[in-house]
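I opened the model and kept notes as I went. The entries follow the order in which I looked things up.

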Amino acid sequence: ETMMVVLNHLPTSPCSRLQTILLRCTEWYAVGLGATSSVNGRRLSRPRDMLRYIDWVQEQVRKVREEKIGQEWLQHIEDDINETEIADIILTRLRTSDGLDLDWVETHEGKHMVEDILRGAQLALDLGMAQIEVGNGEYGTLILVDPNGFLFSNTIISSILAELEEGQMAAL
């Protein structure tokens, strides 16, 4: 059975924590550029860049045809766990009313990642679709503003993830 759940408008705190738990514990399938699925307890991310995505699709087709594999192709995907985990955290936290704690990101991933996230969110911040809630740390919490921030959450999150990818490429 396929079910679509809109969790963006749950109230804060207990429900936002429940929302994060649901997103972490459920299985879902997503297709397309930059899509993330959760299959057999593993998060699988498709490339966010169109050329890499096309190459990835062609490689999957080749594997199915030449290696005669089916569902087990999921086991052959080599993900950078850190990159996937931080993308999952960004995806889940920005879809809650609690938002993404940028000080936590800085502690676990470094200042460069916070700067990339802020660059990716800049247009949403400028348009009032996102805001920084001041906290105890240096950066605060990035939250999407209801309703427009949540309505455009896919675009905002995609911009952030694209900026993270740009930052990683520049670091190489």
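**Surface patch.** L33, M50, L51 and I54 make a nonpolar patch of about 390 Å². My patch rule takes residues with over 30% relative accessible area and no salt bridge; nonpolar side chains (Val, Leu, Ile, Met, Phe, Trp, Tyr) are joined within 5 Å, like charges within 9 Å. Areas come from the Shrake-Rupley method with a 1.4 Å probe, and for residues only the protein chains shown count as cover. I placed L33 in the loop between α1 (14–25) and β1 (36–39). L33 is partly exposed, at 42% relative accessible area.

**Ground rules.** This is a predicted model, where local features need pLDDT of at least 70, side-chain atom pairs count only at pLDDT 80 or more, and totals for chains, interfaces and linings use all residues. Residues are numbered from 1 along each chain as its sequence is written, and side-chain values use heavy atoms, with hydrogens and water left out. Helices (H or I, at least four residues) and strands (E, at least two) are DSSP runs, numbered from the N terminus.

**Helix α5.** I checked the span next. Helix α5 covers residues 111–126, 16 residues, and reaches 21 Å from its first C-alpha to its last. That is close to the 22 Å expected, taking 1.5 Å times one less than the number of residues. I found a kink of about 45° in α5, centred on G120. The bend is the angle between axes fitted to the seven residues ending at a residue and the seven starting there. G120 is also one of the buried residues of α5, which include M113, V114 and I117. Just after α5, G128 has a positive phi of about 75°.

**Salt bridges.** I counted four, each a side-chain nitrogen of Lys or Arg within 4 Å of a carboxyl oxygen of Asp or Glu.

- R119 meets D116 at 2.2 Å, N to O. The two are separated by about one helical turn, because they are three residues apart in α5. D116 is buried at 6% relative accessibility, while R119 is partly exposed at 46%. I noted that E163 is linked with D116 and R119 in a network of salt bridges.
- R52 meets E165 at 2.8 Å, N to O. This pair links distant parts of the chain: R52 is in α2 (residues 50–66) and E165 in α7 (residues 153–171), 113 residues apart. R52 is partly exposed at 34%; E165 is buried at 14%.
- R93 meets D98 at 3.7 Å, N to O. R93 is buried at 18%, and D98 is partly exposed at 22%.

Which strands stand at the edges of the open sheet? I read the order as β3-β5-β4, three strands with antiparallel pairing. β3 (100–101) and β4 (130–133) each have a single partner strand, so one side of each lacks a neighbour in the sheet; these are the edge strands. Two strands pair if DSSP finds at least two bridges between them. β3 and β5 are joined by two bridges. L100 has L142 in β5 as its bridge partner.

**Cis bond.** Last, I looked at the backbone. The peptide bond from D146 to P147 is cis, with omega near 0°. P147 sits in the loop between β5 (141–144) and α6 (148–151). For context, most peptide bonds are trans.

Note on methods
Buried < 20%, exposed > 50% of the residue type's maximum accessible area, 1.4 Å probe, protein only.
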